[in-house]
Amino acid sequence: MSARRSLVWLGLTPEPEQELPAAVAALRSPAAGRPPAALVAAERHRVERLVLRGTQRGWLRYLREVTDLVVRAAGSRTTDPKAALLAGEVVLDHHRMLIGLPGAGYDRTALQRNELERALARLRERPEPALVGPSEPWSTI
């Protein structure tokens with residue numbers, strides 16, 4: 001085996017690098033709504049560091065964390081499902097593409113693919129949130 005690290009995993013797709021920082025920051029954020037800019041920036045920096053200096057194994061560990069966040073959000077009635085749906089779909093697509101790469105990445109992520117498929121199904125089944133606003137005509141007075 002070569003002493004050089006394998007970079008083949010970097011060619012899969014750019015979506016995780018583009019989509020995950022904001023979605024993961026929203027899932028990690030304690031408050032509902034848009035996550036703080038500092039949290040998004042920190043997540044973006046972490047992803048950038050993994051891509052530029054990391055290994056496939058480290059990248060897959062990060063995606064395991066994201067999978068755990070998505071699964072947790074699927075089990076919560078208070079979490080907005082949009083960020084979890086986006087993150088889950090991005091990671092699931094990534095893990096499915098691993099089948100085309102050499103190595104054991106695809107086999108190593110089999111459990112995560114199953115967890116994500118179940119979590120995404122639960123998130124998609126959630127009813128749309130009710131519209132916020134006055135429900136009685138006199139509440140606007």
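## Basis of the model

Residues are numbered from 1 along each chain as its sequence is written, and side-chain values use heavy atoms, with hydrogens and water left out. Because the model is predicted, local features need pLDDT of at least 70 and side-chain atom pairs count only at pLDDT 80 or more, while totals for chains, interfaces and linings use all residues.

## Overall fold

The protein has six helices and zero strands, so the order from the N terminus is α-α-α-α-α-α (helices are DSSP runs of H or I with at least four residues, strands are runs of E with at least two, and numbering starts at the N terminus). Of its 141 residues, 38% are buried (buried is under 20% relative accessible area, exposed is over 50%, and partly exposed is in between, with a 1.4 Å probe and protein chains only).

Among contacts with a separation of 6 or more, 69% join residues 24 or more positions apart (contact means heavy atoms within 4.5 Å). The protein exposes about 9,100 Å², and carbon and sulfur atoms supply 56% of that area (Shrake-Rupley method, 1.4 Å probe).

## Helix α3 against α4

Helix α3 covers residues 56-74 and helix α4 covers residues 81-97; the two pack at an angle of about 140°, with their axes 9 Å apart (axes are lines fitted to C-alpha atoms over the stretch in contact, and angles run from 0 to 180 degrees between N-to-C directions). The pair is therefore oblique (under 35 degrees is roughly parallel, over 145 roughly antiparallel, 65 to 115 roughly perpendicular, and the rest oblique).

On the α3 side the contact is made by Trp59, Leu60, Leu63, Val66, Thr67, Val70 and Ala73, and on the α4 side by Ala84, Ala87, Gly88, Val91, His94 and His95. By class, nine of these residues are nonpolar, four are polar and none is charged (Ala, Val, Leu, Ile, Met, Phe, Trp, Tyr, Cys and Pro count as nonpolar, Asp, Glu, Lys and Arg as charged, and the others, Gly among them, as polar).

## Helix α3 against α6, and Glu115

The axes of α3 and α6 come within 9 Å and cross at roughly 30°, and the two helices are therefore roughly parallel. From α3, the contact includes Leu60, Leu63, Arg64, Thr67 and Val71; from α6, Gln112, Glu115, Leu116, Ala119, Arg122 and Leu123. The contact has nine nonpolar, two polar and three charged residues.

Glu115 lies in helix α6, which spans residues 110-125. Glu115 counts as buried because its relative accessibility is 17%. Beyond its neighbours within four places in sequence, Glu115 is in contact with Arg64, Thr67 and Val71.

## Helix α2 against α3

The packing angle between α2 and α3 is about 150°, and their axes are 9 Å apart. That angle makes α2 roughly antiparallel to α3. Glu43, Arg46, Val47, Leu50 and Val51 of α2 meet Gly58, Trp59, Tyr62 and Glu65 of α3. This contact divides into five nonpolar residues, one polar and three charged.

## Pro36 in the α1-α2 loop

Pro36 sits in the loop between α1 (15-28) and α2 (37-53). With a relative accessible area of 44%, Pro36 is partly exposed. Its C-alpha atom is separated by 8.0 Å from that of Ala25, a residue 11 positions away along the chain.
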